[in-house]
Amino acid sequence: MIHEMKIALPVPKQAYAIFFVVILSLVRGVSYSTEIGIALEAPMAILALTFCADAYTQEITSKRSEIQRLCPRKKRMQSIYKRIMIQEMFLLADAAVGYGLFFLFQNPRLGRTGQESLESEICQFFVYFAAIIVTLGFWGLLSNLLSCLFRNMWVGIGGGLMLWLITNSSIGERYFGAWNLFSYSFRTLEDNNDFSWLYGKMVCICIGILAMATLPKIIEKRG
Amino acid sequence: MGIKIEDLTVTFKNKVTAINHADLEIPQGIFGLLGENGAGKTTLMRVLTTVLSPTSGTVTLDGIPYREKNFEKIQKKIGYLPQEIDLYPSLTVQECLEYMGDLSGISKRTAKERIGYYLEKTSLSEHRRKKMKQLSGGMKRRVGLVQALLNEPAFLIVDEPTTGLDPEERIRIRNLLVDFSEGRTVLFSTHVVEDLVATCNQLAVMKKGKFLYTGNMKELLEQAKGHIWICRAKDETMAREVEKTYHISSKQYVGDELQMKIISEAPPQIPCSACEATLEDAYIYIANQE
């Protein structure tokens, strides 16, 4: 596992991911703490897109994939999944730190009214955390899948970015509604009991599972 | 035992034919593959490692045909050092090899033992704690070779293993390959003729996707016998004239005169004497026979 960590998380990558959330928490203005999740979700999806695109394609560009072909398929797949998991875990920690940094740098008013209790703040954080797990997982898996399919990480990033632009827009909000991939960001903030955004996250989970199931076939065929 | 290639053709999507109806048998021991750049050597090796599927023809390894259903069985028997490879720059030599060993399905204990053994054999023991990105080109090449040997394959394919190595290291690597070839098949591709002279008995010469020669080295040298000549040019003008007419395999100043080695089917029409053919001469003779 330690070897996979060194391969999947080189220092420059870690640095840019941390730098990304630091800058984001400095420049993206929020007035209330309820806005932090919205401020983070879509940009973190872009970070996941770029971060996970090379989980396997680095093997192709370095020509190591020609050697890896000779290794048992199960082992190869295990290594790819481990790398994705490591990258996702790091991004998750990064997203949690980012949440805290918004409080640190911008000192937003608590809750929607500015007078929420600490308990509801913690609850709000956990809801954000659950949503961001799905968001990061989905966009990371998607970019990795596209990169492997086209044997090029830039296609993975570009393809993912196209989908990001479509879904993270007013058109996306209008057409997909609660089924939007960014349903958490588009949810009604005023209604605490509105959990219809979970539909969108279910879509993400389903596509993510599909991507994970398809990956071994793509690796086998495309190498 | 060994590899059998029959009527193999590889044509790429851009219609370039890299291998053209080639037949070859690679027996046990070290088998040399010699050819100019673009001859099709690397393409052949990519087919043998199952990276590339042939357009037509058949390949068998120890009697197992190269078909998708057999790939896993075949892949287990192969070790491969590609021409270009960039092993994990953020890992140390030891870590990199342990990782490759784990990927190959070798137990940790066995991998550690083999890594120690082969690092010693390739003079890399003292560099085992260095990161891959800190190594010189020659050292990286040697680590690449160690990874190919780790699962002790029945069939080892090495593409230019001695590139970037100093003379002493080249000798070490060649000897390592010879030792390793006992009871196994090693396909040694290079365009460094000296490497083949020092290691192989059997070889194939490739040009434009075809085998110009397959057989043992002695017979290849025999074919060139009587076609290699030495002449001496008194000045540059004479040397240029000779070069225009004949194929020159080497030239060097001996005293005031320029000594030239001519490869010619018939005796040259200038004062010269016949000489012994080296593998390099024989290769050039064969390659320019068409």
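**Helix packing and salt bridges**

A: In this predicted model, α3(A) passes α6(A) in a right-handed crossing.

Q: What describes the packing of two helices?

A: The description consists of the angle between the two axes and the distance separating those axes. Here, helix α3 (residues 34–52) of chain A packs against helix α6 (residues 73–106) of chain A at an angle of about 150°, and their axes are 10 Å apart. Because angles over 145 degrees count as roughly antiparallel, α3(A) is roughly antiparallel to α6(A).

Q: Which residues make the contact of α3(A) with α6(A)?

A: On the α3(A) side they include A:Ile36, A:Leu40, A:Met44, A:Leu47 and A:Phe51. Among those on the α6(A) side are A:Phe90, A:Leu91, A:Asp94, A:Tyr99 and A:Phe102. By class, the residues of this contact comprise 14 nonpolar, three polar and two charged.

Q: At what angle do α2(A) and α3(A) pack?

A: Helix α2 (residues 11–27) of chain A and α3(A) pack at about 165°, with their axes 11 Å apart. These two helices are therefore roughly antiparallel to each other, and their crossing is right-handed. From α2(A), A:Lys13, A:Tyr16, A:Ala17, A:Phe20, A:Val21 and A:Leu24 meet residues of α3(A) that include A:Pro43, A:Met44 and A:Thr50. The contact of α2(A) with α3(A) has eleven nonpolar, one polar and one charged residues.

Q: How many residues of chain A are in contact with chain B?

A: In chain A, 20 residues are in contact with 27 residues of chain B. The area buried between chain A and chain B is about 2200 Å², and carbon and sulfur atoms give 57% of that area.

Q: Which helix of chain B does α6(A) cross, and at what angle?

A: The axes of α6(A) and helix α3 (residues 93–104) of chain B cross at roughly 125° and come within 8 Å. The pair is therefore oblique. In this contact A:Lys75, A:Arg76, A:Ser79 and A:Arg83 of α6(A) meet B:Tyr99, B:Asp102 and B:Leu103 of α3(B). The classes here are two nonpolar, one polar and four charged residues.

Q: How many salt bridges lie across the interface of chain A and chain B?

A: The rule finds three salt bridges across that interface. A:Lys6 forms a salt bridge with B:Glu95, and the closest N and O atoms of the pair are 2.5 Å apart.

Methods: Residues are numbered from 1 along each chain as its sequence is written. Chains are lettered from A and ligands numbered from 1 in the order in which they are written. This is a predicted model: local features need pLDDT of at least 70, side-chain atom pairs count only at pLDDT 80 or more; totals for chains, interfaces and linings use all residues. Side-chain values use heavy atoms; hydrogens and water are left out. Axes are lines fitted to C-alpha atoms, for helices over the stretch in contact, and angles run from 0 to 180 degrees between N-to-C directions. Helices (H or I, at least four residues) and strands (E, at least two) are DSSP runs, numbered from the N terminus. Angles under 35 degrees count as roughly parallel, over 145 as roughly antiparallel, 65 to 115 as roughly perpendicular and the rest as oblique. A crossing is left-handed if the near helix is turned anticlockwise from the far one by less than a right angle, and right-handed if clockwise. Contact means heavy atoms within 4.5 Å. Ala, Val, Leu, Ile, Met, Phe, Trp, Tyr, Cys and Pro count as nonpolar, Asp, Glu, Lys and Arg as charged, and the others, Gly among them, as polar. Buried area is the accessible area (1.4 Å probe) that two parts lose on being put together, summed over both. A salt bridge is a side-chain nitrogen of Lys or Arg within 4 Å of a carboxyl oxygen of Asp or Glu.
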